[in-house]
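Please walk through this fold with me, one stop at a time. Keep the sequence at hand and the viewer open.

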Amino acid sequence: MSSHNLCHQNAVSVTVVSSHDGFVTVEQALECANCKSSCLLAQKTKSFNIKTSKKYEKGTTINIVIDEKYMVKLALLLYGLPILIMIISAFLADMIFQKEAVTAVFSFASLILSWGILKYVSKNLKKSPILRRTQIFGQI
């Protein structure tokens, strides 16, 4: 697979910061590649660990391909679940109590419940959205 084909997929370029115990710590620059303006993201980076059997040297740039279907499912879970729970709780509270203040309190409480559910799910999430790691550049 050429690096040209990776550009059309959900690929992210990251730089290896360290490698240890079957994990590699990578850093992603949050700046836009084609952006010429100076914004708050210009100097920011994000670091995270990736489980891998390969060894990478510090400073190596790798391309990470993300499973698109998995990311859509996560987005639906992250945004859809809280909205769905909030709408159902607001509807039920309005039918039962018929007071806007009570409906608002139930809606807010449902968002807190959704946050707790998502926190629990994120701790127990086993599958990684990363399909494969392809080294696209050598040592920098």
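Q98 counts as exposed, because its relative accessibility is 63% and the cut-off for exposed is over 50%. This is a predicted model, so every value here is computed from predicted coordinates. Q98 sits in the loop between α2 and α3. Its backbone deserves a look. Phi of Q98 is near 50 degrees, a positive value in a residue that is not glycine. Most residues other than glycine have a negative phi.

A second residue shows a positive phi. D21 has a phi of about 45 degrees, and D21 is not a glycine either. Find D21 in the loop between β1 and β2, where β2 covers residues 23-29. Is D21 buried or exposed? D21 is exposed, because its relative accessible area is 75% and anything over 50% counts as exposed.

Now step back to the whole chain. The protein chain holds three helices and five strands. Read from the N terminus, the order of elements is α-β-β-β-β-α-α-β. The chain has 140 residues, and 22% of them count as buried. What share of the contacts with a separation of 6 or more comes from residues 24 or more positions apart? The share is 69%.

S13 lies in strand β1, residues 11-20. N63 lies in strand β4, residues 61-66. The side chains of S13 and N63 are joined by a polar contact of 3.4 Å. Burial sets the two residues apart. N63 counts as buried because its relative accessibility is 6%, and the cut-off for buried is under 20%. S13 counts as partly exposed because its relative accessibility is 41%.

Start with α3. This helix has 24 residues and reaches 35 Å from its first C-alpha to its last. That is close to the 34 Å expected at 1.5 Å a residue. Which residues of α3 are buried? They are T103, S107, S110, S114 and L118. Look at the spacing of those numbers. An α-helix has 3.6 residues a turn, so residues three or four places apart point the same way. What covers the buried residues of α3 includes α2.

Rolling a probe the size of a water molecule over the atoms shows where empty space is left. The second largest pocket holds about 180 Å³ of space. Two elements each give two or more residues to its lining: α2 (68-97) and α3 (100-123). The lining consists of L74, L77, L78, L118, V121, S122 and L125. How many nonpolar, polar and charged residues does the lining of the second largest pocket have? The lining has six nonpolar residues, one polar residue and no charged residues.

Conventions
Residues are numbered from 1 along each chain as its sequence is written. This is a predicted model: local features need pLDDT of at least 70, side-chain atom pairs count only at pLDDT 80 or more; totals for chains, interfaces and linings use all residues. Side-chain values use heavy atoms; hydrogens and water are left out. Helices (H or I, at least four residues) and strands (E, at least two) are DSSP runs, numbered from the N terminus. Buried means under 20% relative accessible area, exposed over 50%, partly exposed in between (1.4 Å probe, protein chains only). On a 1 Å grid over the protein atoms alone, a cavity is a set of points where a 1.4 Å probe fits but cannot get out, and a pocket is an open set with protein on both sides within 12 Å along at least five of seven lines; lining residues have an atom within 4 Å of a point. Grid points are joined across faces, edges and corners, and a volume is the space filled by probe spheres set on the points. Ala, Val, Leu, Ile, Met, Phe, Trp, Tyr, Cys and Pro count as nonpolar, Asp, Glu, Lys and Arg as charged, and the others, Gly among them, as polar. The expected span of a helix is 1.5 Å times one less than its number of residues. Contact means heavy atoms within 4.5 Å. A polar contact is a pair of N or O atoms within 3.5 Å; within protein, one must be able to donate a hydrogen and the other to accept it, and residues adjacent in sequence count only if both atoms are side-chain atoms.
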